Amino acid sequence: MLPDRDVIAAAISGTRWDEVTVVPTTGSTNADLADGVRAGDAPGRVRIADEQTAGRGRHLRPWTAPAGTQLPISVTVAVPAALAPRAGWLSLVAGVAAVSAVREVTGLEAGLKWPNDVLLDGRKTAGILCELVTAPDAGLIAVIGTGLNTTLETADLPVPTATSLRLAGAPDPDRTALAIAYLRALDAGLTAWAQDQAAMRARYLRHCVTVGMRVQVSLPGEQVLTGTAVDVDTEGRIVVADDGAAGTRRALSAGDVTHLRPA
């Protein structure tokens, strides 16, 4: 059964989300909304699909699954010029919203691996992709997409390190309730992003399980950094105490993080 558009729209009335569409299938909810932005659509749109045939994660990695086993949901958010320097935080804010929704609806103890992978028992159950698109009036619009594995079975997992809400212990997760909880939490998180940077960062750090972990970070140019993640700074960068440089702290804005063991 598709997520219920009318129930979702009624439940998020009064938030920044002005229009909700739910479709059986599409190539990519992010691509759909990005095309709409370029055509002049106002921000505040929500697009949900039962199935994506060309979903994408970070670094253009494919993100697909059988129909009805995920919650692909994308939104559009205006990025005023004054807030453009903080745009890198948007995917982290969405990660916090996704964790909050999973905890609220299923009771599962989800956490965040920097920057925005939602983990259950150390396995990834959701990923987030944030793209910036220029509107016809030259305004900047963020398209934030989240793909949450809801009822994927073991045979359908894209990689051994993935999981789903069902496999993690929530046998019949309600996608309508998850969408509502996520959109409400994201609306609140975006308000903090615009108005209270310190509160937003503190909220992120409460959910981030990477800080305090031994990590290996794959960097551009085939470099690898091993050390201990000690913080996420005000720019949303992971701060790693480098094993190979007497604990020198390095702030990284990009890189694939692997958790090794607790520090």
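These legends describe close-up views of a predicted model. Local features need pLDDT of at least 70 and side-chain atom pairs count only at pLDDT 80 or more, whereas totals for chains, interfaces and linings use all residues. Residues are numbered from 1 along each chain as its sequence is written, and side-chain values use heavy atoms, with hydrogens and water left out.

**View 1. The open sheet of 7 strands.** The strand order is S1-S2-S3-S7-S6-S5-S4, and the pairing is mixed. Strand S1 (19–26) and strand S4 (111–113) are the edge strands, each pairing on one side only. From one strand to the next the twist averages 25°. Strands (E, at least two residues) and helices (H or I, at least four) are DSSP runs numbered from the N terminus; two strands pair if DSSP finds at least two bridges between them.

**View 2. Helix H2 on the sheet.** Helix H2 (residues 29–38) lies across S1, strand S2 (45–52), strand S3 (70–79), S6 and strand S7 (140–149). H2 runs at about 25° to S3. Axes are lines fitted to C-alpha atoms, for helices over the stretch in contact (heavy atoms within 4.5 Å), and angles run from 0 to 180 degrees between N-to-C directions.

**View 3. Strands S5 and S6 with the loops beside S5.** S5 (residues 117–120) pairs with S6 (residues 123–134) in the antiparallel sense over 3 bridges. Leu120 stands opposite Arg123 in S6. In the loop between S5 and S6 lies Asp121, which has a positive phi of about 55° although it is not a glycine. Pro115 is found in the loop between S4 and S5, and the peptide bond from Trp114 to Pro115 is cis, with omega near 0°. Most residues other than glycine have a negative phi, and most peptide bonds are trans.

**View 4. The N-terminal end of helix H4.** Asp174 caps this end of H4, with a side-chain oxygen 2.9 Å from the backbone nitrogen of Thr176. H4 has 21 residues and reaches 30 Å from its first C-alpha to its last, close to the 30 Å expected at 1.5 Å a residue (1.5 Å times one less than the number of residues).

**View 5. Helix H4 against helix H5.** H4 (residues 175–195) and H5 (residues 197–207) pack at an angle of about 130°, with their axes 6 Å apart. H4 is therefore oblique to H5; angles under 35 degrees count as roughly parallel, over 145 as roughly antiparallel, 65 to 115 as roughly perpendicular and the rest as oblique. H4 contributes Ala188, Gly189, Ala192, Trp193 and Gln195 to the contact, and H5 contributes Gln197, Met200 and Arg203.

Conventions: A polar contact is a pair of N or O atoms within 3.5 Å; within protein, one must be able to donate a hydrogen and the other to accept it, and residues adjacent in sequence count only if both atoms are side-chain atoms.
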